[in-house]
Amino acid sequence: MPFSNSHNKVKMNYTAEQEYPDLSQHNNHMAKVLTPEMYANLRDKETSSGFGVDDVIQTGVDNPGHPFIMTVGCVAGDEETYEVFKDLLDPIIEDRHGGYKPTDKHKTDLNPENLQGGDDLDPNYVLSSRVRTGRSIRGFCLPPHCSRGERRAIENLAVEGLSSLEGEFKGKYYALKNMTEEEQQQLIDDHFLFDKPVSPLLLASGMARDWPDARGIWHNDNKTFLVWVNEEDHLRVISMQKGGNMREVFTRFCTGLTKIESLFKEKGHEFMWNEHLGYVLTCPSNLGTGLRGGVHVKLPNLSKHQSFGEILKKLRLQKRGTGGVDTAAVGGTFDISNADRLGFSEVELVQMVVDGVKLLVEMEKRLEAGQSIDDLMPEQK
Amino acid sequence: MASNFARILSSKRNVGILSLVGAGSLSVGFFLTREQYVSAGAQVRRLYPASADYPDLRKHNNCMASHLTPALYAKLCDKATPNGFTLDQAIQTGVDNPGHPFIKTVGMVAGDEESYEVFADLFDPVIKERHNGYNARIMKHPTDLESSKIRGGQFDDNYVLSSRVRTGRSIRGLSLPPACTRAERREVERVVISALAGLKGNLAGKYYSLTEMTEKEQQQLIDDHFLFDKPVSPLLTCAGMARDWPDARGIWHNNEKTFLVWVNEEDHTRVISMEKGGNMKRVFERFCRGLQEVEHLIQEKGWEFMWNEHLGYILTCPSNLGTGLRAGVHIKLPRLSKDPRFPKILDNLRLQKRGTGGVDTAAVGSTFDISNLDRLGQSEVQLVQTVIDGVNYLIECEKRLEKGQDIKIPAPISQFK
């Protein structure tokens, strides 16, 4: 059970074999990696905040598999988790992030000048552009494990920092538990409001405890820069706008993030980051950049093409429905975004999206005109 | 085993030496090694003062929220049971679930037997509110499973479609579903099914583990309305009871399909006796006999049920303390149920109505699930007699309304006999 190590004490009265979870029906990264021997070696360890291996894996034990994607099946309770449980998390990270080794270094690049092009995706096809990432505040436990006091402290820090943003970033915070009906409706209409998680993947890890205490949404007056507080991570930062000018979206993203980071530093706080894992977030799948840059794009013809899946794979892109992860596409409109998070910089990932989506739109136009796309087939990136 | 260590630590329990020596395969050396891992009354590691961690209960309407003041939270928040179960764990379900549309929920659970003692300052007022003023410090709870004391109990089958009695039992020394580890849960399963395997005659039966049952077995259990699913109610999932599902969960039933035991659902065990028709007396006889047999069988192996003279049988949810007993019928009351006096009649008879899908469901047509309201402060025999007398009265009312005669609201019966 998160936020108390009670079962970490009781379980030591039993052997590792007696406590080892039944993973025979399971198909997630944790289940592939966690042998009985590894479990035996890790079970008497815990981070200094008391997060143990059973806390790490609970979500993966409770959720054997997912119909669309191979889930990770574990979470971190604090920054130290990635160190104390390296033996478990390193192979999972390697498997999930395309062979990323425990000795590899991750490059961070939030300079939007390094992006080439990206301002001219055809708005007849590309309906909207969005870049998101997450940030964790060093020294605090992560959502699966934090206490109410910690979560509230995180909220205070976030709101304090965000309230001093100016210019295009000037905005307002809406605490989930205080918002008026009118504010709530507006946020829903703007597609900004996030709900209490319903996915069992998240619930089983303890992230939804005490909802909606210390959760909220901040956005700028222009409604193009948005921060979620205490949902799946301490902060989720989102830059978005209608149309295909990904360059503008990314520029605002980088500028905003950099400003927020310096505001935190002024107050003596920093983001969880290291040169091996990049930005540290709750789910190992979001390590590195934590970045998902994507578009909603109309591809009714291309999506029916037999090579659609293969093309996406070569471009290092993934498709989702327009409702986000765990949804199916509606009427030929897809959410196309980078598949990678770790081992590539922010600029590199957004470049892949920009270049890749440009190609997809070109292919769509060809198929619309009844022409072949064979000569456009990409190489593996 | 945690069981023995916890027994030594807790001075509050009357555990015979016999059960200590007999339990499992424990040896003294093994026992001593365990000592370093479990510390009595463990202090909880806290980073923030109590005021920073006190939950926001302003929108809440459950028993826990009604009684957990900031001062009480501050007093209890750094305590833990010998197993390490904390106040935050106990109240998590009540923090996460502000209110229920039909009933005022309890809003807290126990993680082990000691929870009710370590957090007595909160459990006691919650118990008092939920159980009609029962004072757990002073009052004694009567346990009585002598089914021969029942008078009447054979209802008119034209009205009563089925009769059922259920309760729960917890195995002393093992943590409860919100807190148990996988090994503890598997131990509960092992102890219980080993005892059930010893039942004979019309109680002889078979265990179906949720992880191992075949498709055919599963379908049969669904058709018999025996199969329980992974809990979906957030009241239960937020308390951590569904962890590791379906590991060590299962259903046992006798060959006649009239006696059923759920293993590791909301409690260590839920014991159910049921049959079609209105023979509540026979249902209760089988219930008592089965329970006593199972208790005897686990005692042979050195185990016992969690029980004490104030709280009766100890279960996960405070609402099920005492007898943990819900005795009820599915009954057709087309006329009475439309009469505006129906709720008051039920109230005075100390009965409650539910839909035929159980708690949180609405009635279909005019068939209701009618059962006892109370759990604690009266014995099993007393509660079942209350249901029998009450259902007879309801049938009388229905018959009178059929004939166009008037009915009367009965005088309220007293709560603690």
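Biologist: Where is the place of B:Pro246 in chain B?

Modeller: B:Pro246 is in a loop of chain B, between helix H12 (234–237) and strand S3 (250–254). Bear in mind that this is a predicted model.

Biologist: Is the peptide bond from B:Trp245 to B:Pro246 cis or trans?

Modeller: Start with the general idea. Most peptide bonds are trans. The bond from B:Trp245 to B:Pro246 is cis, and its omega is near 0°.

Biologist: What about the peptide bond from A:Trp211 to A:Pro212?

Modeller: That bond is cis, again with omega near 0°. A:Pro212 sits in the loop of chain A between helix H10 (200–203) and strand S3 (216–220).

Biologist: Now helices. At what angle do H12 and H13 of chain A pack?

Modeller: Helix H12 (residues 308–315) and helix H13 (residues 346–368) of chain A pack at about 155°, and their axes are 10 Å apart. An angle over 145 degrees counts as roughly antiparallel. H12(A) and H13(A) are therefore roughly antiparallel to each other. The crossing of H12(A) past H13(A) is right-handed.

Biologist: Which residues make the contact between H12(A) and H13(A)?

Modeller: H12(A) brings A:Ile311, A:Leu312 and A:Leu315. H13(A) brings A:Met352, A:Gly356, A:Leu359, A:Leu360 and A:Met363. Sort the residues of this contact by type: seven are nonpolar, one is polar and none is charged.

Biologist: How do H10 and H13 of chain B pack?

Modeller: Helix H10 (residues 182–196) and helix H13 (residues 280–300) of chain B pack at about 115°, with axes 9 Å apart. Their crossing is right-handed. On H10(B), look for B:Val191, B:Ala195 and B:Leu196. On H13(B), the contact uses B:Val294, B:Leu297 and B:Ile298. This contact has six nonpolar residues, no polar ones and no charged ones.

Biologist: How many aromatic pairs are found over all chains?

Modeller: The whole structure holds 15 aromatic pairs. To describe a pair of aromatic rings, give the distance of the centres and the angle of the planes. Take A:Phe169 and A:Phe225: they are 5.0 Å centre to centre, with 75° between the planes, and form an edge-to-face pair.

Biologist: Which parts of the chain does that pair link?

Modeller: Distant ones, 56 residues apart. A:Phe169 lies in the loop between helix H8 (148–162) and strand S2 (171–175) of chain A, and A:Phe225 lies in strand S4 (residues 225–229).

Biologist: What is the mean pLDDT of chain B?

Modeller: The mean is 88, and 87% of the residues of chain B reach 70 or more. Over residues 1–40 of chain B, though, the pLDDT is below 50. Where pLDDT is low, predicted coordinates should not be read in detail.

Biologist: And which scores does the predictor give the complex?

Modeller: An ipTM of 0.90 and a pTM of 0.88.

Key
Residues numbered from 1 in each chain as written. Chains lettered and ligands numbered in written order. Predicted model: local features only at pLDDT ≥ 70, side-chain atom pairs only at ≥ 80, totals over all residues. Heavy atoms only, no water. Axes fitted to C-alpha atoms, helices over the stretch in contact; angles between N-to-C directions. Helix = DSSP H or I, 4+ residues; strand = E, 2+ residues; numbered from the N terminus. Parallel < 35°, antiparallel > 145°, perpendicular 65-115°, else oblique. Left-handed = near helix turned anticlockwise from the far one by under 90°. Contact = heavy atoms within 4.5 Å. Nonpolar A, V, L, I, M, F, W, Y, C, P; charged D, E, K, R; others polar. pLDDT = per-residue confidence, 0-100. Phe/Tyr/Trp six-rings, centres within 6.5 Å; stacked < 30°, edge-to-face > 60°.
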